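Subject: Handing over the structure

Hello,

Here is the structure I promised to pass on to you. Have a look at it first, and then read on for what turned up in it.

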There are 2 protein chains.
Amino acid sequence: MERAAPGSGLQALFSPRVIAVVGASRRPGSIGAALLANIRDGGYTGRLFAVHPDAAAMGGVPVYRSVAAVPARVDLALIVTPAAAVEATVRDCAGAGVRGVVVISAGFAEVSPEGAAAQARIRDLARAAGMRMVGPNCMGLVNTDPAVRLFATFAPVSARPGNVGVLSQSGALGAAVLDHAHALGLGISTFVSVGNKADVSGNDLLAWWKDDPRTEVIALYLESFGNPRRFARLAPEVARRKPIVAVKSGRSAAGTRAAASHSAALACVDVGVDALFEQAGVIRTDTLEDLFDVVALLSTQPAPHGRGVGIVTNAGGPGILLADACEAHGLTVPVLDASLSDELRRFLPEQAAVRNPVDMIVSATGADYARAIDAVGRDPSVDAVVAVYVPPLVTGAEEVAAGIAAGAAAVAAHKPVLTVFLSSRGTPAALAAGGRGRLPSFSFPENAARALAAAASYARWRDRPPGRAMALRPDALARVRGVIADALGGSDGKQWLSADAVETVLAAAGIRTAPSRVVPPETAPEAAAEMGFPVVVKGLAAGLVHRSDIGAVILGLSTTQEVVAAVSALRSRLAAAGMRLDEVLVQRQVEGGVEAMVGVVSDPDLGPLVVAGVGGREVELMRDVSFRLAPVTDLDAAEMIDRLRMRPLLEGYRSSPPADRAALVELVERVSALADAAPEIRELDLNPVKVLAAGEGVTVVDARILAATFATA
Amino acid sequence: MERAAPGSGLQALFSPRVIAVVGASRRPGSIGAALLANIRDGGYTGRLFAVHPDAAAMGGVPVYRSVAAVPARVDLALIVTPAAAVEATVRDCAGAGVRGVVVISAGFAEVSPEGAAAQARIRDLARAAGMRMVGPNCMGLVNTDPAVRLFATFAPVSARPGNVGVLSQSGALGAAVLDHAHALGLGISTFVSVGNKADVSGNDLLAWWKDDPRTEVIALYLESFGNPRRFARLAPEVARRKPIVAVKSGRSAAGTRAAASHSAALACVDVGVDALFEQAGVIRTDTLEDLFDVVALLSTQPAPHGRGVGIVTNAGGPGILLADACEAHGLTVPVLDASLSDELRRFLPEQAAVRNPVDMIVSATGADYARAIDAVGRDPSVDAVVAVYVPPLVTGAEEVAAGIAAGAAAVAAHKPVLTVFLSSRGTPAALAAGGRGRLPSFSFPENAARALAAAASYARWRDRPPGRAMALRPDALARVRGVIADALGGSDGKQWLSADAVETVLAAAGIRTAPSRVVPPETAPEAAAEMGFPVVVKGLAAGLVHRSDIGAVILGLSTTQEVVAAVSALRSRLAAAGMRLDEVLVQRQVEGGVEAMVGVVSDPDLGPLVVAGVGGREVELMRDVSFRLAPVTDLDAAEMIDRLRMRPLLEGYRSSPPADRAALVELVERVSALADAAPEIRELDLNPVKVLAAGEGVTVVDARILAATFATA
């Protein structure tokens, strides 16, 4: 079955003129009854029908015995029948020319292989009829558009109209999200509980929201990706226009176990998911609360164009906590320009602090807030302003809120203004009354800092050019595939490539390895002499991968005699490990340089994941690595290296000369190009890589590649 | 002036029978008027008077012209006069036999040196009269004891009686904390806004709360320590009985700047504060919200005795988020015992997950919760149970809460039970109605996980024996001090000790360094030959500290000729750096071993901070270090090493043999003993330290010590 173009056909789901609820029920507390009541009571503007064998009106809604019997062309059918009846119902819908279905009924892929087969059948039925389908195993959908007002969920959700599109892969959590958003005053454009995603996927919804004029921020709760590679292409296009904020669960072993039993989710390696989101410009939050905080910020304010935060407060303590949290999350709290401090000093009391945080002390009035916010907002090093208020006496909150709103209106439109009201009485209405509209209000200073930091990272991504990824030339690619095909010998298995094959593959990708030769053990001394000392010798044997673990790498050999002794040592060390020394790799020893590593791990779902980090044996302990999904652009590769703690080593640490950072970045690009072009490469490990002095490039000292037959999906 | 014993005399502050408000005012909105009204309206059970020059009743409270004129012995005077009048008022109080004063008035040490002098005078007046004093520059105090009911703050705080003692160094933040605690349903025993802490300090309050039967949990908001060393001794004594939860602000540069201008706070290095809290068993939270979450947990539940969490939920999504958050914070979500899974299977529907998280799906009733919580709580690998509830339909929350309460009552008393109610409708009252009393309820799954992880770490600290710290023998100490005194030559300055002096100091502490001799450059080859090859030579020159940065360390010399060449190289490298080669240190080269470092930095307020980590030149980049304040016990030293990412290197990483971890731990203890006994040591740096194979000990390869005259405080 062909898939529809992303996002097409969703109009019938979101804005139907005629709805039929199939499997509606009069039984109070039943899902069918709740669904029907919610649609009716939500003020749906179209025509609503129920379908039930026992045709009699239900709560004022006309009932018919079948979808075909409904005396109007049904745009959307909401199905809440038992699982066993769903297939027949979908067939009826197809026959009646229905344009979209939402299958709320559970009992499909989430319970058994038989359920999965039934799910595939109803999906195929729907697609063959040109119907889009949400679910099965979902909670429904919501569209707050006043022209539609569709509350098609069985949970009693409240949602006010607004600019946030919400997707939830967990129905119950989705209901809780809408409930909390409502309590926070966040408005929703559309909400979809996607359930098992048999047809309508997260990608479809992203594509829809991209062009939906009512949606300005997208919030996702995900447990799995259906098609992460499509997500990787689509999400950045959307994120350049509208921020996407996501919680992806199933990070931990226990969480993955739970997610697997919950929704048969794919277990993408979490570091790959992080890379996916980061490259796509998706704001991933650690917690559900952070999701709300970031959405609250970005649904009313622009993302800040830099990391400088101006703080205006009437109490020292929360100002300090906010400053701490800002710096902990990579924001800065710059000292204000002296002229602005002077300006503040002129109207604030002597005990006030006027450098930033601006602590106006307990006596601050609304007018003080207005003037201080205006002044702080004018500082060129301030990219965002946060106003903090602690009620010192019972009066004043409304007046202060009005002052904050007035001050915010004076701040340049591209700088966000946030508030922290440390009060259980909540946020005064006056906060929304200024020329800037609703200002986001956070319960704790740290929440404002976290949200702002996430928004600043997003803005930096959005404002950055996309960069260019390197590609392998066709002839080089042909050479790589040829070598791998030879190594696999037509088998279906996995295979570590031989030292020669590795060398050929790397050379095809323009990656330089230390000069070396593979020779029979007895000719190693002679080969070393020809190559020039000092040399390294490595023992080669079938099945030997981690050579250094058994002492099969011997460095620093300066004479023929030393090589003879080393080969003898290799022979006995391999014998001790139960292996036979087949051949010896003699390699010119690379002197100096900073040790790095570059590698690839191919995730079955996400594709090749490129890693770069410090090299040597301790790489796994130090965890000083960055990950990106291939293809890695030049800018991404540079960022990978810039983020390493080891970065100063490359820049000339203490007395060392600067190393060839640019060559290491280029190596990452070449590895990415190789992995992207040759999906047969399941693992690639260049470790160590010697990063030589600036201008002298990098040399790969040891390399291994695991290849496997690539089955085109 | 002598200080009172910790915590003594606070009875008059918390439980006065007669109060006078000095500087009370009729002006609405004034601090004096608000204070008087709050005490009166809070239902204070004692006798309340006001003192004002214009003696007439204020709002039903009798007014007198002076404290002396009040017709009863005043236990507590609350002073809200202008700063200039405070000194005279305190003198009047002393004359009238008042037992405690709370100086709310601001304008003292926080504004100017003159203010600091005035503050010192009123403190001395109070101490001379045997009065305890809170403030100045504070918001007052609260005692919810029904026998007292004292709401002596000018902010309109609400607080219900409970078991949490609260200290805030920021008055406004303190009011916000009480407000939020009230909204969360948390009960307070006593609250103190400590202001400038001229007399009554955080340490005094800890000592008081330690023995206060109404207080079971202590919550602190701190911006500075008055006497961190006293805190370090006192806090663990308190924490063994009652959990202490603290937010300490001023972590960042901007935060410290703000704190300094706010309360003239000391800028302790934050890593030292972390060490202080950790060693003292104080639970430091990152955010204000976490403080509430931990207090909410520990004010009703025991701290868990292990890290295993059992999760019972009616929705998959939040269960997965909770499992993820548990593992992210070092907790585990163990698979349940098969017999318990079977038991769950017998009453839960087929689609339920029964391994942990236990997902009972949307149909779960209160009875299901009760049975599942009981079963999960019986698993020996479960140390805490979290019940998660998402309202699937409008009905049921009360019934589910009752079920949870019933299930919780069946769980062993030493295992905490928490709840997460993902609902803006808040927590049903039935949650408090079970045999276990009030169960804490969190808004988001991640908050429950963070609080539980903090409580588990606290329990591990509390259940651990305190350990023993090593001490220097008196003769060794005398030798150390003698060497340092000689080096300083009676001067007041700081001085890097000579190589010989360093060696003597380390030897006195039982620390072994690599065999070495300091010789004139020309005799270095001869010294090397006597010592035995291979050797290292190091150039010594006045003012040279970071030797390796200028190439003044040359390793791996195997012959006399190589030493001659090396000395010549040292001479020219030092010359290039503008120094003269005075002497050469010839050292036997230590082969093999894992590189580590151990050091000391002396904080002027916290005392010596001991650090251990990976060694070598990259130590600053890798940031793989642990800190503890001296004295470091044997258990603390072992923990320092266990926490390093490098730890597997010591245990035999890949093909390496295990290293002498025990000897490294002992080295940390010896360094701590040295630093603790000789406060003249301002910095000490053993880097690298070679940790040899198990049983062969550690050898210090390079060492430097900065000493300075120690002025007894």
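A salt bridge here is a side-chain nitrogen of Lys or Arg within 4 Å of a carboxyl oxygen of Asp or Glu. With that in hand, take B:Asp642 and B:Arg647: their closest N and O atoms are 4.0 Å apart, and the pair forms a salt bridge. B:Asp642 is partly exposed, at a relative accessible area of 27%, and B:Arg647 is also partly exposed, at 31%. Please keep in mind throughout that this is a predicted model.

**More salt bridges**

Over all chains, the structure holds 73 salt bridges. One of them joins A:Glu278 and A:Arg643, with 2.5 Å between the closest N and O atoms. A:Glu278 sits in helix 9 (residues 270-280) of chain A, while A:Arg643 sits in the loop between helix 21 (634-642) and helix 22, so this pair ties together parts that are 365 residues apart in sequence. Both partners are partly exposed: A:Glu278 has a relative accessible area of 31%, and A:Arg643 has one of 42%.

In chain B, the side chains of B:Glu237 and B:Lys210 meet in a salt bridge at 3.2 Å, N to O. B:Glu237 is partly exposed, with a relative accessible area of 42%. B:Lys210 has a relative accessibility of 18%, and because buried means under 20%, B:Lys210 counts as buried.

Back in chain A, salt bridges that share partners join A:Glu278, A:Arg464, A:Arg628, A:Asp636, A:Glu639 and A:Arg643 into one network.

**Chain A as a whole**

Chain A has 713 residues, of which 58% count as buried. Its secondary structure comes to 23 helices and 30 strands. Taken along the principal axes, the C-alpha atoms of chain A fill a box of roughly 95 × 80 × 40 Å. Among the contacts in chain A with a separation of 6 or more, 71% are between residues 24 or more positions apart.

**Two residues to look up**

A:Ala678 lies in the loop between helix 23 (661-677) and strand 28 (681-691) of chain A. Is A:Ala678 buried or exposed? At 0% relative accessibility, this residue counts as buried. Leaving aside neighbours within four places in sequence, A:Ala678 is in contact with A:Leu477, A:Val480 and A:Arg481. A:Gly130, by contrast, is 548 residues away from A:Ala678 in sequence and 37 Å away in space, C-alpha to C-alpha.

A:Asp605 is in another loop, the one between strand 25 (594-603) and strand 26 (607-614) of chain A. A:Asp605 is partly exposed, with a relative accessible area of 22%. Although A:Asp605 and A:Gly272 are 333 residues apart in sequence, their C-alpha atoms are 9.7 Å apart in space.

The size of an interface is often given as the accessible area lost when the parts come together. Chain A and chain B bury about 6,600 Å² between them, with 61% of it on carbon and sulfur atoms. In this interface, 82 residues of chain A are in contact with 82 residues of chain B.

Which kinds of pairs cross the interface? Between chain A and chain B the count is 0 salt bridges, while 9 residue pairs are in polar contact, both residues being at pLDDT 80 or more. Several helices of chain A each supply at least two residues of the side that touches chain B, including helix 5 (171-184), helix 15 (445-463) and helix 20 (619-622). By class, that side of chain A has 40 nonpolar, 21 polar and 21 charged residues.

Notes: Residues are numbered from 1 along each chain as its sequence is written. Chains are lettered from A and ligands numbered from 1 in the order in which they are written. This is a predicted model: local features need pLDDT of at least 70, side-chain atom pairs count only at pLDDT 80 or more; totals for chains, interfaces and linings use all residues. Side-chain values use heavy atoms; hydrogens and water are left out. Contact means heavy atoms within 4.5 Å. Buried area is the accessible area (1.4 Å probe) that two parts lose on being put together, summed over both. A polar contact is a pair of N or O atoms within 3.5 Å; within protein, one must be able to donate a hydrogen and the other to accept it, and residues adjacent in sequence count only if both atoms are side-chain atoms. Helices (H or I, at least four residues) and strands (E, at least two) are DSSP runs, numbered from the N terminus. Ala, Val, Leu, Ile, Met, Phe, Trp, Tyr, Cys and Pro count as nonpolar, Asp, Glu, Lys and Arg as charged, and the others, Gly among them, as polar. Buried means under 20% relative accessible area, exposed over 50%, partly exposed in between (1.4 Å probe, protein chains only).
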